[in-house]
Amino acid sequence: MTPAPGNDKAPRPLVEVQDLAVKFVTREATVRAVNGVSFAMAPGEVLCIIGESGSGKSVTLRALMRLLPKRRAQLSGSIRVGDHDIQALTERQLTEVRGSTVSMIFQEPMTALDPVYTIGDQIAETVVRHEGCSHRAAMKRALDLLRLVKIPLPERRLKAYPHELSGGLRQRAMIALALSCRPSLLLADEPTTALDATVQIQVLILLRRLQKELGMGVIFVTHDLSVAAQIADRVAVMYAGRIVELGSIRDVLLRPSHPYTVGMLASTIHGGRLREAEIEVIPGSPPDLRWLPPGCSFAPRCRHAEPECTLSVPLPTGIAPDHMSCCFKADRLTRTKAPNIIA
Amino acid sequence: MEIAASANDAPALRVRGYWRTVGYRLRYDYVTLFFALVILLIALSAIFAPLLAPFDPLKTSMAYRLKPVGFRSFLLGTDELGRDMLSRLVYGGRMSLLMGLTPVVLATIIGGTLGVVAGFVGGSINMLIMRAIDIFYAFPSVLLAVAISGTMGGGMSNGLIALTLVFIPPLCRIAETAATQVRGLDFVEAARASGASTRSIILTHVLGNVLAPVFIYASSLISVAILLAAGLSFLGLGVEPPTPDWGLMLSTLRQAIYVQPYVCALPGLAIFITSLSFNLVSDGLRQAMDVRI
Amino acid sequence: MKPTEGAAVTAAEGLARGRPKLDTVPPGDARDRGGKNQPMLAVNGLKKHFPIRGGLFNRRIGSVRAVDDVSFVVLKGETLGIVGESGCGKSTLARLLMHLIPRDAGELIFDGEGVEEAHGLTLRELRRNMQMVFQDSSSSLNPRLPVEDSIAYGPRAHGASRAQGKKIARELLEKVGLDPSLFGSRYPHELSGGQKQRVNVARALALNPRMLILDEAVSALDKSIEAQVLNQLRYLKRHFNLTYVFISHDLNVVQYVSDRVLVMYLGQVVEIGPVEAIYDRAKHPYTRALLNSRLSMNPDDRVDEAPLTGEPPNPVNPPSGCRFRIRCPFAQEVCAARTPAIGNWIDRSSHLAACHMLDAASGHSGAGPLPAGVAPNPASPWRQTSHEGAR
């Protein structure tokens, strides 16, 4: 837990990840889930990691807390969260950090919450564990948290079991649990994917509000670009285990400069799209992570691909001060008009 | 048409077939392979017993009673009536394997069919079958086997019937659980939606998916069956003397244990090794077949 | 299985209305029995209550009113979108339409004929006319059968020989965009999500149906694959002259594919109408809230306040009168007293909603053409906030 030197020009990034790579090794094959991910996140910022299934976004998130199975998963690269070098922590130090500095919420609250304990007990247990206060004080804190996440009738809900709550309330309870020790970083793995539209928007608004109030950094993983549009400050687009585009939300959505991002935006069905127009699709399907193609992993599906794209992996190219894209043709793409997705 | 082309551009890689993956996993599972070899040896020695046994297993000899291991040409000693242990063990293997495998096979067929029918049809038929099965389940298997076999009088065929009856309930239950689970799956609904008959749906869709868990469970029952069969014989409810049978041999050699401990332990050892081998192999098979791709 | 031939006849009609030619049924489809104006499917008063059993003897102590008095029609050649949140009953409705579960009350009339009635269609005949595409999941295809056999199963169950079945399967695989020689003998676990879904569609088409029910058919797919499958569905609809019922929770997708849309809430139909009318001029407060809950792709256009609080309630004990009144900002006394009627459906352009505010005779203070004049009253006693989020 050695403190890193600060930067007096800008606040030190809350999260710094360099060349993170995760491999799942079994006798049959090696799955390269994450292949060299690097990014930094400022405190109090919301970073959305967007990708489809197989892009490595959930694995990246779990690597930040070292939640991956120890024997099968091989991590390399460096991860710094706050003052902690995550790779260097011992098991005990790791359990100290989890829950207090870094917290996580998941897609399925039913599996993340323990079904045999009441909500109040679960939150109180976490508080007692990390802050060492009495159970009574912890229960009071739990009540405050339930009020914070706007659960109606919080006193009654303290004594409720997870299965007695509906999906949206369980999700809020999970958020309360995650916030119980005032983490500086919240990791969210598709928490709203399983929720109805009317509930999803409530939870997203809640998250945004809480994030602002508590000054927390949030890394939010999703496959839905509109969710990112709703809450993100910055966006990282992942494909086949690499970040292919990284920038502010407006830059990436309005001025996309990677063919994959452009393709995703063009094929997303949203309000203003003409009904008769055939949707432009990205041909083919994502690569098998056991046998990645050489060079740029998107090249087989890319309409701008040229032979040189398969020779080496493209390095991040800066497009604008805070906007980078991993494509050999990045600047050429930004100069052409981006598809008009805001109808 | 470009729509048609797009799905083929990057077809999912051809994965190794299911059975080949099972084979691949087994190839590195040395424990399972070793004990499978042991089973093979036991089975071969049982089948070729007449060729392997140096003596007639039934020939008694008052002069050479309870001789130790390696006495003259009796490689494993003799029993209390002077019969060659090796020959009796080798012939006894036939009995034990028979009494171990037959009930399981029969119970799988009967119990499995009952279970699949109960699971798939559901409703009152399910209740009828399963509650009847539960009655049998209430008894500990050993007691039940002893009770049935004792009531019917001893003997090999009664022992087989008793053991089959003991194993029907668990196999029925496994099959019913599997069938109920499969019944709720989308592809079975789709089969119903296409207007197929119940019989066709069971044969084509349900059976194939139920067979695996039933087969694995049945293979784990073989070791139990061998033990139970030996137990029945030990109690005098199975095979009748002088037929060589490991359990029976254990029983008759019991009194002589202080005279020739090693010789008397041999049938027990045989039962133990056989049962253990089946147990470990079935476990290894379960792990190899549990391939969730 | 010939492509639409009579499309030219209605082209002028289509262009004149500014709408595409997709929603007309051409004459000459040999299987057509009822004629152009006969709805493909007419649903009247459909009800399905699932019993909840408990107590000592498994008595019926309550029921889940999954589908409660649902009526609508599906016109030939159209795509009817059905939207709703969890608990609204759309999945149950799909299975009721397919006759996979028995209904408690109501009629289902296919092309003018009842099913399993004296002079109507048999269930087996219905199966040849109406098929369902399931959501992509690990259990939508039999993991032990090669996809060819899965597709051929339907025709073979109806008497086709092995060779015929295989031929149908291979033709369909090509039609859905999968090379039969590459994919025919593969197992489901060797296919990606999008490819499996295409196989699902091929399986549904194997019996040459006239109508397809797509139950969340693209919901589990990645967005880029979703787009591919939707394109494919559009092509197939034209090619095979199909009628679609498209069930989804995704409002954007429904808007893209549907001609008319039906909105469900807690087992009932709350609004039905042409797609532009619903999306631009929704009449029911729930539909409006649902549409306002959509997230935009524009980062400058963020929603600051949730249009609807609370959760979709449990269909076990629905509120009296209008079921939406618990969450409705315009709820008044009459909403608890009487269930609003949806009105009479006349033709494909009818736009109906079940709300007291649209019925001048209801007694609701906001009754009139549009409920613009009534201020929402969060403190209204008819909202009973204690129900919020309760199970």
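**Entry 1**

I began at L153(A), which is partly exposed because 14 other C-beta atoms lie within 10 Å; I call a residue buried at 20 or more other C-beta atoms within 10 Å of its own, exposed at 12 or fewer, and partly exposed in between, with C-beta atoms placed from the backbone. The model is predicted, and I kept its limits in mind: local features need pLDDT of at least 70, side-chain atom pairs count only at pLDDT 80 or more, and totals for chains, interfaces and linings use all residues. Residues are numbered from 1 along each chain as its sequence is written, while chains are lettered from A and ligands numbered from 1 in the order in which they are written.

L153(A) is not a glycine, yet I find a positive phi of about 55 degrees there. I place L153(A) in the loop between helix 5 (135-148) and helix 6 (154-158) of chain A; helices (H or I, at least four residues) and strands (E, at least two) are DSSP runs, numbered from the N terminus. Most residues other than glycine have a negative phi, and most peptide bonds are trans.

I then looked up L266(C), also with a positive phi, of about 50 degrees, although it is not a glycine, and found it in the loop between strand 9 and strand 10 of chain C. L266(C) counts as buried, because 24 other C-beta atoms lie within 10 Å. In chain B I noted a cis peptide bond from P241(B) to P242(B), with omega near 5 degrees; P242(B) sits in the loop between helix 10 and helix 11 (246-253) of chain B.

**Entry 1: strands of chain A**

I followed strand 1 (residues 15-25) and strand 2 (residues 30-41) of chain A, which pair in the antiparallel sense over nine bridges; pairing requires that DSSP find at least two bridges between the strands. The two form a hairpin with four residues between them, and one bridge I checked joins E16(A) to A40(A) in strand 2 of chain A.

I next traced an open sheet of eight strands in chain A, with mixed pairing and the order 6-7-8-3-9-10-12-11. Strand 6 (102-105) and strand 11 (317-320) stand at its edges, each with a single partner strand, so one side of each has no neighbour in the sheet. Neighbouring strands of this sheet are turned by 20 degrees against each other on average, direction ignored. Within chain A, strand 9 (residues 234-239) and strand 10 (residues 242-248) pair in the antiparallel sense over six bridges, and V235(A) has G247(A) as its bridge partner in strand 10.

**Entry 2: helices and core**

In chain B I took up helix 7 (residues 141-151) and helix 8 (residues 156-183), which pack at an angle of about 145 degrees with their axes 8 Å apart; axes are lines fitted to C-alpha atoms, for helices over the stretch in contact, and angles run from 0 to 180 degrees between N-to-C directions. From helix 7 of chain B, residues including L144(B), A145(B) and I148(B) meet residues of helix 8 of chain B, among them A162(B), L163(B) and V166(B); a contact needs C-beta atoms, placed from the backbone, within 7 Å.

I then turned to the largest nonpolar core, of 275 residues, in which V237(A), L171(B) and A225(B) touch the most other members; such a core is a set of buried Ala, Val, Leu, Ile, Met, Phe, Trp, Tyr and Cys residues joined through C-beta atoms within 7 Å. Helix 10 (residues 198-234) of chain B gives the most to this core, with 18 residues. Leaving aside neighbours within four places in sequence, I find A225(B) in contact with G100(B), P103(B), V104(B), L163(B) and F167(B).

For chain C I listed 12 helices and 11 strands, with buried residues making up 51% of its 391 residues. In its helix 11 (residues 285-292) the buried residues are P285(C), Y286(C), T287(C), A289(C) and L290(C), and these pack against helix 8 of chain A as well as elements of chain C, including helix 9 (251-257) and strand 9 (260-265).

The contact between the two chains takes 41 residues from chain A and 38 residues from chain C. Helix 8 of chain A gives the most to the chain A side, with six residues.
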